[in-house]
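Trainee: I'm new to this one, could you walk me through it?
Mentor: Gladly, here it is.

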Amino acid sequence: MISRSRTVGLARRYGASFGVVMSLGLSASSLGGQTLDDARLAVRSGEYRDAIRAFTRLARDGEVAAGRGLVRTLAEVGRDDDAEREARRLYASASLQFANVLGEVLYARGRLDEAEPLFREAARGATDSLTARLNLARVQYDRGELETAMAGFDEFIDVYNSGGELVAEELTAVATAARYLGIRDYQLFRDALRVYDEAFAVDPDDLEPRVRVGELFFARFNNTEATNTFREILGINPNHPRALLGMARSLHFDGKPEAMPTVGKSLEINENSVDARTFLARLHLELENYERAASEAERALEVDPSSPSAHAVIATIRFLQGDEAGYETARRRALQRNPRYAELYNTLAELSARNRLYQEAVDFARQAVAIDSQSWRGYGLLGMNQLRTGAIDEGRANLERYFSRDPYDPWAKNTLDLLDTFSDYRETSSPAGHFQLVMAMQESPLLQLYLADVADEAYERLAERYGYRPQTPIRLEVYPRHADFSVRTVGLAGLGALGVSFGNVLAMDSPSAREVGAFHWASTLWHEVAHTFHMTVSKHRVPRWFTEGLAVFEERRAHLGWGDDASVEFLMAYRDDRMPRVSELNNGFVRPEYPQQVVFSYYMASLVCELIQRDWGDQALVDMLEAYGAGQSNAEVFRSVLGMEPREFDSAFDRYMRERFTGPLTAVQSPHLEDLQRGMDLPALRRAADRREGDFPVQLETGRALVREGDFRNAIPYLERAKALFTEYAEGDSPYWYLALAYKGLGQLTPAAAELEALTAINAGHYHAYLEWAAALEQLGDMAQAAAVLDRALYVYPFDVDLHLRLAALYRDTEQWGRAIRERRAVLALDPVDRAEAEYQVALAYYQAGNLREARRSVLRALELAPNFEKGLDLLLDIRSARSQPDDRP
């Protein structure tokens, strides 16, 4: 380990904070003459051909720096054979001064046994001996000779603290050594950053320290600074292959679709970059395009046949494909160079988790820490995935162990902070015992009244449909803060989803986490429970597009109006070919081309399932899950279950879409409604609508505008036309809603109620439609139906005490005693100001239902709060006088 005094020695000389990024300078080089400067500046600006020509001329004159520059520039642009040939030629003429660069070329090609003696030779006295010593330690580290390697890296601290003047290349070597040492002492990552900054200050023409700064920021989870650093480098040299790779990684970190073309540009410049090929393979693997992923990894192995990272990706591909023999072969090869290469299992764990194989991720992470007890990333992956599988205590312990060694990881910190709040949550069981419910203490009494029954209903109905009963209890966590749900899911705030399924662990937003009426929580819960079935039936191998589509389809089949419905924007995107084909639909989830494409992909995937169910039946959906579980690819599943090639299905689905939405696809021809609002006044809108009766947006906006003006009678024909053009459109601004408002404005409550009924039959998440519909029904005297409507509103938002009071009265008036009791308990759960009154109302509901025992308990609680509560005392007397009656009324 590095002593504290040595660490302080670095910190004392350079006191900049870890977040400091020095500005890029443009000073002239101090190396050699003008021609050498020209060559180096050509490298700096990405004019590699000019640089190679200049270096070649100078190297022939015996200029050592030019020879080294030539070899490194050839290697940087992927001309590996040329780089090795030139390095050997130069080594033959002046072996000591070119031993290190020849070793670097061989090292990059995986020929460590040949590189090592060259590094040793250069370390004995070449002018780049310090760089050679660093490279020697890197070889030892890559072989798993960790103690020897760390001792070698540690020597660089002494070199730095000796006070001797170091050139930029030597400072870069010191900083890189400190970065390796940071694996054991994270404080040294700060020192590495400081010394990289010093190296750049010494020679601003050398971009290498800046590239390594960006890579260090990225490795330490500071993607903002990493992106800024790579952007600065690319502003100077837009063709820098490693900066492009770094930028691609940063883009991927942020979920940006530009990651793939950016790494593609890096490979255009250096097609032999093992790191870039391996990263591209991982991107394809995340898209579940295993063939492309394997192809890219194999190309990396053509450059370095022993590359552990490339073999790790291939091992992951073979594992995900269910190819046990192929997996075992790749696993052995990944460990051939270094038997302690924990990143093999870390890669398997990380990518297994990305493919929803959470228990397998736990198993792989265990193997990582077993072969390398200092694989802190392994402990992090182990902990995060144990939490996903419900092993909360074990997961927390491993995550804390990881974070104590790598406190820069925001995922770990945020998750540990969230776990600290779990003492504020209550665990209960659903009535059937299928679910362990984990809810905030202040919300649990209310949500337990509704959520538990929905969860149990979903389990039973889906078990019947799929012929399978997942292991119980399933853990369901409900978060009152969306940021907490987001942290539980991905470790960071900002996730747009409402729920997530890890299999037997579910997490979701509480209805209180969003604005009133923002989402239908019961439909969301059904969606996540459906995922549990899909993942278990498919052994967690179902592709993202199919499980999401099938879950949305199950929402729609669960209850009237649940699940996604068609939108104008979706139909326009489909019509304009801005949606992937079914055979490539996973891209819409994993690599969306624009923000809304993810949402559209959910709905489109559900329509795919709708088509399959219509033409092949329910069993085909189950058979597809089982086929995925058997390791079949997407194409193989389409062939074996549906008897079609994927491209044939693409065509069949397109025909289905154009048949199902024939009218709407034609009718959504105008700009967005916002554009119409900005561009036309009401008379112009009416003229346009009268001319274009088949234009849905124009008809809808004209009707809406007339309603806003209070001209209800004239609004109705436009809204009726809009409804006829796009019957399934039931968003907040739908024709149904505005027709209801128009009829209400005219005092015609029966047609208003009919429009609201039609609206909620398509969109069960329209909270205010339920409130308006119930009010209309009450005025029409249909109290039982009004109660049923308000009951449906609770599954959108149950935290409105007035809604519960209103519903309790309706259930009392219609003698639905059980539901009346539930609503009075809900009012009590919302912690009303007058708690004694709320307890009394619960007691009264029990009394009216004939449950004298519970009535007595409730009224006594009311009297504990208010001993002189007259209504409570009277009710207690009534209960006592009724003791001779049956205890419970049917």
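Mentor: Helices (H or I, at least four residues) and strands (E, at least two) are DSSP runs, numbered from the N terminus. This is a predicted model, in which local features need pLDDT of at least 70, side-chain atom pairs count only at pLDDT 80 or more, and totals for chains, interfaces and linings use all residues. Residues are numbered from 1 along each chain as its sequence is written, and side-chain values use heavy atoms, with hydrogens and water left out.

Trainee: Which helices each supply at least two residues of the lining of the second largest pocket?
Mentor: They are helix 17 (290–303), helix 31 (586–590), helix 34 (634–642) and helix 35 (646–660); the largest share, 4 residues, comes from helix 34. A pocket here is an open set of points on a 1 Å grid over the protein atoms alone, where a 1.4 Å probe fits, with protein on both sides within 12 Å along at least five of seven lines, and lining residues have an atom within 4 Å of a point.

Trainee: And which residues are closest to its centre?
Mentor: Of the 33 residues that line this second largest pocket, those are E288, N289, S633, N634 and A635.

Trainee: Switching topic, what is the strand order in the open sheet of 5 strands?
Mentor: The order is 1-2-3-5-4, with mixed pairing, where two strands pair if DSSP finds at least two bridges between them. Strand 1 (425–429) and strand 4 (499–501) are the edge strands, each pairing on one side only.

Trainee: How do strand 1 and strand 2 pair?
Mentor: Strand 1 and strand 2 (residues 435–440) pair in the antiparallel sense over 5 bridges, and R426 stands opposite M439 in strand 2.
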